[in-house]
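I opened a new notebook page for this structure.

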Amino acid sequence: MTGEQSDLKGPVTKLVPEGDERERLVCTDCGFINYVNPKIVVGAVVTWEDRFLLCKRAIPPRLGYWTLPAGFMEEGESTQDGAAREAWEEARARIEIGPLLGIYNIPRISQVQMIYRARLLSDEISAGPESQDVGLFSWDEIPWDEIAFPSVHWAFAHYRETLGQDEFAPRSEMPMGV
């Protein structure tokens, strides 16, 4: 047993619990096991007519770069509700959620991202507390060299791939550089 401490109260040790195959943080007094699992990120490729909603990040990581409205899901909400909440928090955008566009597994940062297609209900948008700026961009105006994350590129590629389709299977991540 090793004695690595965490933010948990009480004696916590990193060990492989009985019946498990991975090291976990375990309270050796009461037996509580702290399972640290991947985070779920929800968001949307949001359109208004032929333009796309982007948010310029006001927080790390990738401060000052453009991204889709997306963020960590909260307890007690559906993925669709979370994507709509994130659009409101980051861009003060009211949206209608469409089909699930992609499910992106990003194990190196322990995330699963679920990105929907969505449409703005009005073109009234403004930066929320996590955004420096927001904007509606035509495809050719998207600041491709200033996009924050590879998954934003994947989502845009999948959006284009499914354009005109009402039903399709959600896509998965694409190779880096696409």
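I began with a definition: buried means under 20% relative accessible area, exposed means over 50%, and partly exposed lies in between. I also noted that this is a predicted model.

**Entry 1**

I applied the cut-offs to E89 first. E89 has a relative accessible area of 29%, so it is partly exposed. R85 has 18%, so it counts as buried. E77 is buried too, at 17% relative accessibility.

Then I looked up the pairs. Side chains of opposite charge can pair when their charged atoms come close. R85 forms a salt bridge with E77, and the closest N and O atoms are 2.7 Å apart. R85 also forms a salt bridge with E89, where the closest N and O atoms are 3.2 Å apart. R85 and E89 are 4 residues apart in helix α1 (residues 79-91), so about one helical turn separates them.

**Entry 2: E96 and R119**

Next I turned to another pair. E96 forms a salt bridge with R119, with the closest N and O atoms 3.4 Å apart. This pair links distant parts of the chain: E96 sits in strand β8 (residues 95-106) and R119 in strand β9 (residues 111-120), 23 residues apart. E96 is partly exposed, with a relative accessible area of 41%. R119 is partly exposed as well, at 41% relative accessibility.

I went back to the network. Salt bridges that share partners join E77, R85, E86 and E89 into one network. How many salt bridges does the count come to? I noted 6 salt bridges.

**Entry 3: R24**

Is R24 buried or exposed? I found R24 buried, with a relative accessible area of 16%. R24 lies in strand β2 (residues 24-27). I looked for a partner and found D20: a polar contact of 2.9 Å joins the two side chains, R24 and D20. Leaving aside neighbours within four places in sequence, I listed the contacts of R24 as T13, K14, L15, P17, I33, N34 and Y35.

**Entry 4: enclosed space**

I searched the whole structure for cavities of 30 Å³ or more and found 1. The largest cavity holds about 50 Å³ of space. Which residues line the largest cavity? I wrote down C55, K56, R57, I59, T67, E90, E130 and S131. Strand β5 (residues 51-57) gives the largest share of this lining, 3 residues. By class, I recorded 4 charged, 2 polar and 2 nonpolar residues in the lining of the largest cavity.

Terms used:
Residues are numbered from 1 along each chain as its sequence is written. This is a predicted model: local features need pLDDT of at least 70, side-chain atom pairs count only at pLDDT 80 or more; totals for chains, interfaces and linings use all residues. Side-chain values use heavy atoms; hydrogens and water are left out. On a 1 Å grid over the protein atoms alone, a cavity is a set of points where a 1.4 Å probe fits but cannot get out, and a pocket is an open set with protein on both sides within 12 Å along at least five of seven lines; lining residues have an atom within 4 Å of a point. Grid points are joined across faces, edges and corners, and a volume is the space filled by probe spheres set on the points. Helices (H or I, at least four residues) and strands (E, at least two) are DSSP runs, numbered from the N terminus. Ala, Val, Leu, Ile, Met, Phe, Trp, Tyr, Cys and Pro count as nonpolar, Asp, Glu, Lys and Arg as charged, and the others, Gly among them, as polar. Buried means under 20% relative accessible area, exposed over 50%, partly exposed in between (1.4 Å probe, protein chains only). A polar contact is a pair of N or O atoms within 3.5 Å; within protein, one must be able to donate a hydrogen and the other to accept it, and residues adjacent in sequence count only if both atoms are side-chain atoms. Contact means heavy atoms within 4.5 Å. A salt bridge is a side-chain nitrogen of Lys or Arg within 4 Å of a carboxyl oxygen of Asp or Glu.
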